[in-house]
Amino acid sequence: MDAVKTYVPRIPIRWRWTMLVGFTVALVVVFLFFVILDIERDAWLESQAAQAELQVDRLTDELKLPMLSGSSAETDLVVQGFLEKVPTVLGILLRKSDGKIHSYGDVGSSGGPIAAISVANSVSRLPVEALWYSKGVLYADTSLGAVGVRFSEQAWQDIAGKLGQKISIAAVIVVLFSALWVYWLAGRMSKPLEMLADAARQVASGDYHVDMQVSGNDEISDAVSQFNVMARELAHKEKLREEFGRYLNPKLVTDMFDGGSTRLENHRQEVTVLFADMVHFTSFSESTDTSEVVNVLNTHFEVFNRIIAYYGGHVDKYIGDAVMAVFNHPFADKDHARHAAKAGLAIAIACQELAIKRSDGDPISFRIGMNCGQAIAGNIGAAKRLEYTVIGDAVNVASRMSGIGQGGTLVMPRATFESLGQGFVFESIGERDIKGVTVELELGVVSIKSKQVARNIEHVVGLAFDLDLPEDVRQMAGEI
């Protein structure tokens, strides 16, 4: 009861299908892009490996004599000349037979390549992130050292950029074309659904004389045909509802519409009964014009009824200036005592919000009483005039509670208070001898303790006033 219904934005079907198809096509294009990119990179790496093998073989051949002679100057000269002649080479690492490492150009983070440089007599790619190839420098069967060559990946980056640009353009064209086509197709499909929604709004407004034309032979035409059947059934049930309008309790009407008949069933069950009785009604009715008395009662009862209904109860009857509400009957509610207490406190706050005063200037207020216990539920009355209600000690005690407290207070026995749960406080007013009860009952005034309960009750009171009130009630309530 405390939850507030969240607002879900409305998205037309044609837009949903358009977004779904567009998103799906975009995902497929992205997937294909990565697949193509991976294939192209593998092909480029194969081509690069072939070129790297030629370049590294050439470098090792040129380094054999300088490294064999031990001339560092000639070795440096050969490496520098190689860097100038081959622009795709970024850097070179040279490891001599004595273990010393010489670096040339941009070798980046050289720790990984140094450890992985191979002395084999064949070109191999190093297992590092950058594009490194290595080969041993051999003269006859003598190892003179090893060389590692880092090649630039700029060519691949250029290829990948062009490929991404072309695929992006193609993706935009494909997504746009497919989205436009789906938008048009979904629009044609949603048109009969929109007509069905308009007819449903017409039925919801109370006009059941709707007969939509059925065309085609598919799921949509089946829905239209069943809608026409539903409208006819609703019109028939509305006539029945008018016939059973004399029943104040919703259970009888519900039984009739669900089962087609009503049965006199009597049973016992636990209920919570809430009474709200106007303070000093007799003096008010004697000193006030009749029409104004009726308007004042209707103003309060209209708001009370909305509060009670929100918390899952229903108004069982209006007894002059008092209202009797029942919770957990006829509709089950495991937290009926807690909800009834919230309804009672909300009624007290609603009276303060209405702020209607008597002719003597005193505000109109209601004494509120509540009790939880076993009661007899059933159809009471004559065959032609029934009232489906609850009777018993639980009802009588609740009625007595409303006569004990002061205006704007909620009174109940301690036993009922203990079933409310957290969020309330009980201020004992002592034990009282209640007529019809063999033992004295400890009674008390219940008020709000927790902020969460207070916020919920304030929210419900606000909802009760936000709904459109009848014109005469709104005038009496001061256009609240």
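Reader: What makes β1 and β2 a hairpin, and which residue in the turn has a positive phi?

Author: In this predicted model, β1 and β2 form a hairpin with 4 residues between them. G99 lies in the turn and has a positive phi of about 95°.

Reader: How do you know that strand β1 and strand β2 pair?

Author: Two strands pair if DSSP finds at least two bridges between them. Strand β1 (residues 89–96) and strand β2 (residues 101–105) are joined by 5 bridges, so they count as paired. The two strands run antiparallel. One of the bridges sets R95 against its partner I101 in β2.

Reader: What joins β1 to strand β5?

Author: Between β1 and strand β5 (residues 142–151) there are 7 bridges, and these strands run antiparallel. With at least two bridges required for pairing, the 7 found here qualify β1 and β5 as a pair. K96 stands opposite G145 in β5.

Reader: In what order do the strands of the open sheet come?

Author: The order is β2-β1-β5-β4-β3, which makes 5 strands with antiparallel pairing.

Reader: Why are β2 and β3 said to stand at the edges?

Author: β2 and β3 (124–125) each have a single partner strand, so one side of each is left without a neighbour in the sheet.

Reader: Which helices lie across strands of this sheet?

Author: Among them are α1 and α2. α1 lies across β1, β3, β4 (132–139) and β5, and runs at about 35° to β4. Helix α2 (residues 72–85) lies across β1 and β2, at about 155° to β1.

Reader: Why is L32 called partly exposed, rather than buried or exposed?

Author: The relative accessible area of L32 is 43%. Buried means under 20% and exposed means over 50%; the value for L32 falls in between, so L32 is partly exposed. L32 has its place in helix α1 (residues 13–69).

Reader: How much of the protein chain is buried, and what is its accessible surface?

Author: Buried residues make up 40% of the 480 residues. The accessible surface comes to about 27200 Å², and carbon and sulfur atoms account for 55% of that.

Reader: How many helices and strands does the protein chain have?

Author: The protein chain has 13 helices and 13 strands.

How values were computed. Residues numbered from 1 in each chain as written. Predicted model: local features only at pLDDT ≥ 70, side-chain atom pairs only at ≥ 80, totals over all residues. Heavy atoms only, no water. Buried < 20%, exposed > 50% of the residue type's maximum accessible area, 1.4 Å probe, protein only. Areas by Shrake-Rupley, 256 points an atom, 1.4 Å probe, with all protein chains shown as cover. Contact = heavy atoms within 4.5 Å. Axes fitted to C-alpha atoms, helices over the stretch in contact; angles between N-to-C directions.
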